[in-house]
Amino acid sequence: LRSKITKLEKMEVVSQLAASISHEVRNPLTVVKGFIDLLKDPDLSPEDRERYLQHVVRELKSAETIINDYLTYAKPTTEDIGIIFIDREIRSIIEMTKPMANMNSVKISEELAPGITRGNIQHFKQCLLNLIKNSIEAMPNGGEFSVVTTVSKFDIIIEISDTGVGMSKEQISRFGEPYYSTKEKGTGLGSMVIVKTIETMNGKIKIDSVLNKGTTIRITLPSYTS
Ligand code: ADP
Ligand code: MG
């Protein structure tokens, strides 16, 4: 019974994600269509043509990002479960996000104890990326971001903290709900991926936040010892 429920739940997640992706990709494609119509004008100046083409490329890139962010996740990948060296993966995701952090005057610190857990590495990376993105976006005027992991015999604790805008009680309780976003250009899908990934890895999420002070998201995962 237990495995049947899990399978059903997984299928639901996949169809939910498929719906999310088509919804999100439609917007940039509509914009592209609009610019292509404008490009049909034979009297268009070379400058305008160049400008419109730049818009087309930008919107196509945006559609690509959305697909990259969520489509890897939508693949049913029961076979892709393996061991994950959390310190190594966290370090590589932090490296990836450094340019974004620099651009936003966000200082990053890390304290990573080596630990091993099990799961889909792609999903785990996506989950971390979404957490870091949210933290950076919560600090539009800069701030500090830190990741600390502690490893014991049974648990791995990953603590992700920022000195950002913080979250209200409602924001905390709606974390993980698809399309819930307080951002002008938010998708409200990042936290859904985070929650589903950690659930699938048999982990737990706890959010501590104070408005205008910052947020700490604590993730507990089972520690895997071979
Ligand atoms: P999005 O980032 O597209 O808005 P998410 O699902 O990633 O969607 O996050 C949902 C909402 O949770 C955000 O809009 C924001 O209100 C809140 N949130 C998530 N992480 C943080 C954080 N670190 N600090 C403040 N608010 C956050
Ligand atoms: Mg987000």
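**Figure 1. Helix α4 in the predicted model.**

**Figure 2. The buried residues of α4.** Which residues of α4 are buried? They are His-123, Phe-124, Gln-126, Cys-127, Leu-128, Leu-131, Ile-132, Asn-134, Ser-135 and Ile-136. An α-helix has 3.6 residues a turn, so residues three or four places apart point the same way. In the protein as a whole, buried residues make up 22% of the 226 residues.

**Figure 3. The largest nonpolar core.** In soluble globular proteins, nonpolar side chains tend to be buried together. The largest nonpolar core here has 27 residues. Within this core, Cys-127, Leu-128, Leu-131 and Ile-158 have the most contacts. Two or more residues of the core come from each of α3 (86-103), α4, β4 (143-151), β5 (155-162), α6 and β7 (214-222). Which element gives the most to this core? It is α4, with six residues.

**Figure 4. Contacts of Leu-131.** Leu-131 is one of the buried residues of α4 and is among the residues with the most contacts inside the largest nonpolar core. Leaving out residues up to four places away in sequence, Leu-131 touches Ile-160, Ile-194 and Ile-217.

**Figure 5. The shell around ligand 1.** There are 22 residues around ligand 1. Those that come nearest are Ala-138, Ser-181, Gly-186, Gly-190 and Ser-191. The largest share, three residues, comes from α4.

Figure 6. The secondary structure comes to six helices and seven strands. Along the sequence, these follow the pattern α-α-β-α-β-β-α-β-β-α-α-β-β. Among contacts between residues at least 6 apart in sequence, 76% join residues at least 24 apart. As for confidence, the mean pLDDT of the protein is 87, and 85% of its residues reach 70 or more. For the complex, the predictor gives an ipTM of 0.99 and a pTM of 0.75.

Methods:
Residues are numbered from 1 along each chain as its sequence is written. Chains are lettered from A and ligands numbered from 1 in the order in which they are written. This is a predicted model: local features need pLDDT of at least 70, side-chain atom pairs count only at pLDDT 80 or more; totals for chains, interfaces and linings use all residues. A residue is near a molecule or strand if its C-beta atom, placed from the backbone, lies within 6 Å of it. Helices (H or I, at least four residues) and strands (E, at least two) are DSSP runs, numbered from the N terminus. A residue is buried if 20 or more other C-beta atoms lie within 10 Å of its own, exposed if 12 or fewer, and partly exposed in between; C-beta atoms are placed from the backbone. A nonpolar core is a set of buried Ala, Val, Leu, Ile, Met, Phe, Trp, Tyr and Cys residues joined through C-beta atoms within 7 Å. Two residues are in contact if their C-beta atoms, placed from the backbone, lie within 7 Å. pLDDT is the predictor's confidence in each residue, from 0 to 100.
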